[in-house]
4 protein chains.
Amino acid sequence: MKRKRLTREEGKQQTKERLLESALEVFSRYGYEGASVDRIADHAGYTKGAFYSNFPSKDEILLAVLEEHTRRELVDLEELVQMEADGTQLLECLAQYYESSRTRVDAGMLMAEFQLQSARDPKFAKKFIPVFTQHQESLSLLLNRALGKLSLNLESPQEFTGILMALSVGIALQKQSQRSSGGDSFGRVLRQILGAPEQGKG
Amino acid sequence: MKRKRLTREEGKQQTKERLLESALEVFSRYGYEGASVDRIADHAGYTKGAFYSNFPSKDEILLAVLEEHTRRELVDLEELVQMEADGTQLLECLAQYYESSRTRVDAGMLMAEFQLQSARDPKFAKKFIPVFTQHQESLSLLLNRALGKLSLNLESPQEFTGILMALSVGIALQKQSQRSSGGDSFGRVLRQILGAPEQGKG
Amino acid sequence: MKRKRLTREEGKQQTKERLLESALEVFSRYGYEGASVDRIADHAGYTKGAFYSNFPSKDEILLAVLEEHTRRELVDLEELVQMEADGTQLLECLAQYYESSRTRVDAGMLMAEFQLQSARDPKFAKKFIPVFTQHQESLSLLLNRALGKLSLNLESPQEFTGILMALSVGIALQKQSQRSSGGDSFGRVLRQILGAPEQGKG
Amino acid sequence: MKRKRLTREEGKQQTKERLLESALEVFSRYGYEGASVDRIADHAGYTKGAFYSNFPSKDEILLAVLEEHTRRELVDLEELVQMEADGTQLLECLAQYYESSRTRVDAGMLMAEFQLQSARDPKFAKKFIPVFTQHQESLSLLLNRALGKLSLNLESPQEFTGILMALSVGIALQKQSQRSSGGDSFGRVLRQILGAPEQGKG
DNA sequence: CATGAATGAGTATTCATTCAT
DNA sequence: TATGAATGAATACTCATTCAT
């Protein structure tokens, strides 16, 4: 009996996760306006009904996606930092992380969408601002050790993280809008900001 | 008689300009989807009908706004460059230009909107991509002289301009989403990229 | 001075005639709904303004077209009858008149449009019904002499004319809807109704 | 469980049928242009939304109405023919069928609307022409036996059917436009075409 | 007289949301 | 829990009509 209940709950949980994953992709691909509830549900293999059984509204799933997205980004970067001890190496990894992968561009588009929504919908902004600030803080803390070793003309780690995020979003938008797979400007900017020597030259 | 005719044409021209200006603001504030034709017309002090006797469709006014926006930006920067001979001074002006004013943030939001639209609507992309490329080219040419004097680790002036634009968009989004009037990160990043000394320290 | 006034009036008259002619064609081709005032004016080489200087409304020009159309049909048939003395020959002419020409199909489409409008708009019906009745009467009178010679199982010349008109409209619609230039069913039906022998066999 | 599902499906089916029936009436009464989606839905006792969850567009419901209409006409005539063995009797039934009832006039108006739409919208024409041709074929086959017994000066059964349909449409339009319940011209024409003696005299 | 800018009611269609099954 | 039928507000766009020029 307990088993059954658990199974049911697990089933529900799975549905919710799939919908969340779907929303993450669909918001990133089509934007908040272009992502209809039908589309999100359909992409997850369900119908509208499943959506409304798991999320109270489209607004709410956007918040859930925001949280999931920041959580994942933090986890990814934590892994990255644990593996790298050297500041210069970290720098390279960061550059690659933020630039190379398909997923990263999606992430940039998603963040753009969050920011636009926050800029336009005060209700969303109220939730978004603290999450974003907290996220920036976490990233700053995370990057602090390694970055501390490098000479920075920036005010604070927070500022550096902010610029990192801004660049990530700005470059993602530019790439996606040009339908180009893009170069590696991101890395060069990073090195430039951090005063690091050219890769492979040091 | 000529007077009357001219007045009529001028009247129409004025309406068109007001609608364009209104669209520029409304697109920037609410995004393409959120900017209903009614809203654009209303904000300009007209009704829907006036809109459609001046622009064939919402798609078309977006293009017109794009062209007007890039034209203005080019003109503004041309003025800026003419006034400044020194690279370092130019740098400061650029930093201020891209960061300080209300108008600039709007410009960033607008560019974000263009890029999102281009990423999602292939028809718009077809028009947007050449305009954007041309614009980047123009800005590069414009900035080339002054920037040539500074040591740059970037591939090309185009790349520098691209990063400038990406940062401008990314920072605008971040500021607007945080409802903060923001700091002056932009300037610091610029100096950092350009290898220039801190302002007032040289 | 009288000259100038006359010229002006004539000019106005010409405009009106051209608009009427244009409306006749445009209503026939696109239907009442599909015939926008702009289209009618444009087809006549004018703008909306000219239209409203000459006709109080779209409803009104439909009535004017109705009158012009029936007037023309009567004139055409009068000419036809004057030229033909023999009933059988008249029959052939009628068949050809109602069937062969491009203009006739247009006329059928136009009448269909009048009838639909009358069926749907009581205000138009009030004007249309007497005009139609009068027209049917006129045609009946006109055809009476010749038809009298033929053996008819129909109640009255009016009924015959009514059927003639119904067939004309029905066949026009059928042809036009099939985009076929059509055969000569009309003639055969006529002969059949009138008890006439096959053409060329007598 | 099966019961519930069936009920749901049945409910949807019922809605669809009601909307179709409503469209049939509303198209016939107001024409394609005059039949707004709102009106169709409202006449069926629903709102716009119900319409769009049952039909993809107004264009599509017109096609559905076309198919339903021809299907019904065929069924009705099949019943008629099965009951009557004698050609002359069939003739009378046909005359009554095509002329007497309210429903028949509506059918004529509806066919007029189909034909106008086909004449003006190439996309609709593409669907309409084969359906119409097929329908004419079916009716011809159906009427063939009985009509074979009668002397006909027409080219083919198809031609006869075509004329029948044209007359039906033409007379319906005339009646409806005159707001008259009309006489029985149809029957007399039929007898005349078919060379049959006056009813009750043979 | 004729022009054409502007109005505003009307149309097809989309989509977030509700609720009976 | 999940379904999907139905709602109704919102949106882009059309077009008859008015009126200042």
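Predicted model: local features only at pLDDT ≥ 70, side-chain atom pairs only at ≥ 80, totals over all residues.
**A helical assembly and its rotation axes**

Start with a single chain. Chain A holds 9 helices and 0 strands. Read from the N terminus, its elements run α-α-α-α-α-α-α-α-α. Of the 202 residues in chain A, 40% are buried. Take the contacts in chain A between residues at least 6 apart in sequence: 63% of them join residues at least 24 apart.

Chain A is also divided into domains. The assignment gives domain 1 as 1–55 and domain 2 as 58–202. Where they touch, domain 1 of chain A provides 9 residues and domain 2 of chain A provides 13 residues.

Now move to the contact between chains A and B. Each chain brings 38 residues: 38 from chain B and 38 from chain A. On the chain B side, five elements each supply at least two residues: α1 (2–34), α6 (102–120), α7 (122–148), α8 (157–178) and α9 (185–194) of chain B. The largest share comes from α8(B), with 14 residues. The chain B side divides into 18 nonpolar, 13 polar and 7 charged residues. Do the copies meet through the same surface or through different ones? Of the interface residues of chain B, 97% are also interface residues in chain A, so the copies meet through the same surface.

Next come chains C and D. A rotation of 179° superposes chain C on chain D, with 0.1 Å of shift along its axis and an RMSD of 0.3 Å. Among the residues of chain C, Gly170(C) comes closest to the axis, its C-alpha lying at 2.1 Å. The same surface serves both copies, as 100% of the contact residues of chain C recur in chain D.

The contact itself takes 37 residues from chain C and 39 residues from chain D. On the chain C side, the elements giving two or more residues are α1 (2–34), α6 (102–120), α7 (122–148), α8 and α9 (185–194) of chain C. Helix α8(C) gives the most, with 14 residues. By class, the chain C side has 18 nonpolar, 13 polar and 6 charged residues.

Helix α8 of chain C deserves a look of its own. It covers residues 157–178, which is 22 residues. At 1.5 Å a residue, α8(C) should span 32 Å. Its end C-alpha atoms are 31 Å apart, which agrees. Is α8(C) enclosed or exposed? Of its 22 residues, 18 are buried, so α8(C) is largely enclosed by the rest of the structure. After the helix comes Arg179(C), whose phi is positive, near 55°.

Notes. Residues numbered from 1 in each chain as written. Chains lettered and ligands numbered in written order. Helix = DSSP H or I, 4+ residues; strand = E, 2+ residues; numbered from the N terminus. Expected span 1.5 Å × (residues − 1). Buried ≥ 20, exposed ≤ 12 C-beta atoms within 10 Å, placed from the backbone. Domains from an automatic or database assignment. Contact = placed C-beta atoms within 7 Å. Nonpolar A, V, L, I, M, F, W, Y, C, P; charged D, E, K, R; others polar. Least-squares fit on C-alpha atoms with pLDDT ≥ 70 in both.
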